[in-house]
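Dear colleague,

I am handing over the structure below, together with some notes on what turned up when I went through it. Please read them with the model open beside you.

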Amino acid sequence: MAADNAVERPADPLAALADERLDHRFKGLPPDAEGLTVGELAAQRRNLFTGGFTTPVLALSAERLEHNLALMETYAERHGLAFAPHGKTSMAPQLFARQLERGAWGITLAVPHQVRVAREFGVPRIFLANELVDAAALRWLAGELDADPSFRFICYVDSVRGVELMHAALSEAGASRPVDVVVELAAGDGARTGVRTEAECFEIATAVASADTLRLVGVAGYEGEVPDASSATVTAWLRRLLALLVDFDKSGHFADLPEVVLSAGGSAWFDTVAAVFAELPELSRPVLKLLRSGAYVSHDDGHYRHLTPFNRVPEEGALEPAFRLWAQVVSRPSAEQAFTNAGKRDAAYDLDLPEAQVIRRDGTERPATGVTVTGLSDQHGWLRTTPEADLAVGDWLGTGLSHPCTAFDKWQLIPLVEGDGTVSDYIRTFF
């Protein structure tokens, strides 16, 4: 028998987030909110700038978040795609719920811990864009699948050895439901994970067919890893992925399935994914064309601002950067230099440094003219200032961030801020 996974969960785990007590764990929040619940503080609708919040504090725009959620919902519908946005970006169950409300098929994740978080908050369908060969995680998964017949789970396989490890662990766990898997086609030689040749893909498919704990349901991959990615090279790889699915279908690998799965799509090439997926010929079974883009939920002011496919197809809309990190100027040692109190522990910095955008002083906001972030220490931001910069100790500096995935993970509780500064809710993350 599979391991008993039954645990007592709140009737509404999302609603239960509002009952969490505030204390020293949550940076940026008003010190006088100590002891309140999240829901009680949200009900006060404090202003981010006058309500006692301390710097640094990360703010998520309520209006821009809603815009981005709506835009990708309509984009997927327009192109006949199912959508499983990558949840590793935010690891925020409240945002997962809003994505599902906006028509998402399910949530994509990357590692077993993230799957456990999503299941704790009732996510009904999960696409694990990774191989899963950890025996303890597979025992847990077997129990989760057995306990909930409605739970749909799909993950990658990219080796015969991986198939053998999965089969052994699931057999030992007494799994009663097979785990659905898709063969991951590598984006090219020297790319990340995935099978390098189509011949190896068929070897893996044969291995899956011989394992009664697994069920082959399709193919998948990640076009963002295509070497020297361009429209031409990404298109060529995506057509390989389609051809692999067609060949699997012709070989009878999907004979007993209600549908097959075809999945790709990060945040840089989803327009190309949509275009190539539209080329798929009719197969023996209906096809779930699953897009997995995740960074859209907050977008950014750097990496994805430059890479977003909406730059190539502006007629389809535009994402809006929803994050702003507020820090305070704590030192102004010279006319050319200043320092804030936000550093690497607060800001994403793995791809680009924060972008100085606005200055607040005495309730007035103006552009951060002549201010540039030149570096980050653990707890300080280094600023270069030109003669036109009007910047003083005590000013609040609002910066844009690059790379949502490494912005969310530095904050456990993020104020959701309306356009006038009112904090309407708090987004809890679980990294």
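I begin with strand 17, from which Leu413, Pro415 and Val417 point one way while Ile414 and Leu416 point the other way, and all of them are buried. Please bear in mind throughout that this is a predicted model. Because five of the five residues of strand 17 (residues 413–417) are buried, the strand is largely enclosed by the rest of the structure. The pattern of directions is in keeping with the general rule that side chains in a regular strand alternate between the two faces of the sheet.

Strand 17 has two pairings to look at. With strand 1 (residues 57–61) it pairs in the parallel sense over two bridges; here Val417 is the bridge partner of Ser61, and Leu416 is the bridge partner of Leu60. With strand 18 (residues 423–428) it runs antiparallel, and five bridges join the two, Asp425 of strand 18 being the bridge partner of Leu416. Strand 17 and strand 18 form a hairpin with five residues between them, and in the turn Gly421 has a positive phi of about 95°.

Besides its pairing with strand 17, strand 1 is joined by four bridges to strand 10 (residues 323–334), to which it runs antiparallel, and Val57 stands opposite Trp326 of strand 10.

There is also an open sheet of eight strands, whose order is 2-9-8-7-6-5-4-3 and whose pairing is parallel. Strand 2 (82–83) and strand 3 stand at the edges of this sheet, each with a single partner strand, so that one side of each is left without a neighbour in the sheet. Within the order, strand 7 (residues 214–220) and strand 8 (residues 260–264) pair in the parallel sense over three bridges, and Gly218 stands opposite Val261 in strand 8.

Turning to the helices, in helix 5 (residues 112–120) the residues Gln114, Val115, Val117, Ala118 and Arg119 are buried.

Helix 6 (residues 135–147) in turn packs with helix 7 (residues 160–173) at an angle of about 50°, their axes being 9 Å apart. That angle makes helix 6 oblique to helix 7, and helix 6 passes helix 7 in a right-handed crossing. On the side of helix 6 the contact is made by Ala135, Leu138, Arg139 and Ala142, which meet Leu165, Met166, Ala169, Leu170 and Ala173 in helix 7. By class, this contact has eight nonpolar residues, no polar residues and one charged residue.

With best wishes

Notes. Residues are numbered from 1 along each chain as its sequence is written. This is a predicted model: local features need pLDDT of at least 70, side-chain atom pairs count only at pLDDT 80 or more; totals for chains, interfaces and linings use all residues. Side-chain values use heavy atoms; hydrogens and water are left out. Buried means under 20% relative accessible area, exposed over 50%, partly exposed in between (1.4 Å probe, protein chains only). Two strands pair if DSSP finds at least two bridges between them. Axes are lines fitted to C-alpha atoms, for helices over the stretch in contact, and angles run from 0 to 180 degrees between N-to-C directions. Angles under 35 degrees count as roughly parallel, over 145 as roughly antiparallel, 65 to 115 as roughly perpendicular and the rest as oblique. A crossing is left-handed if the near helix is turned anticlockwise from the far one by less than a right angle, and right-handed if clockwise. Contact means heavy atoms within 4.5 Å. Ala, Val, Leu, Ile, Met, Phe, Trp, Tyr, Cys and Pro count as nonpolar, Asp, Glu, Lys and Arg as charged, and the others, Gly among them, as polar.
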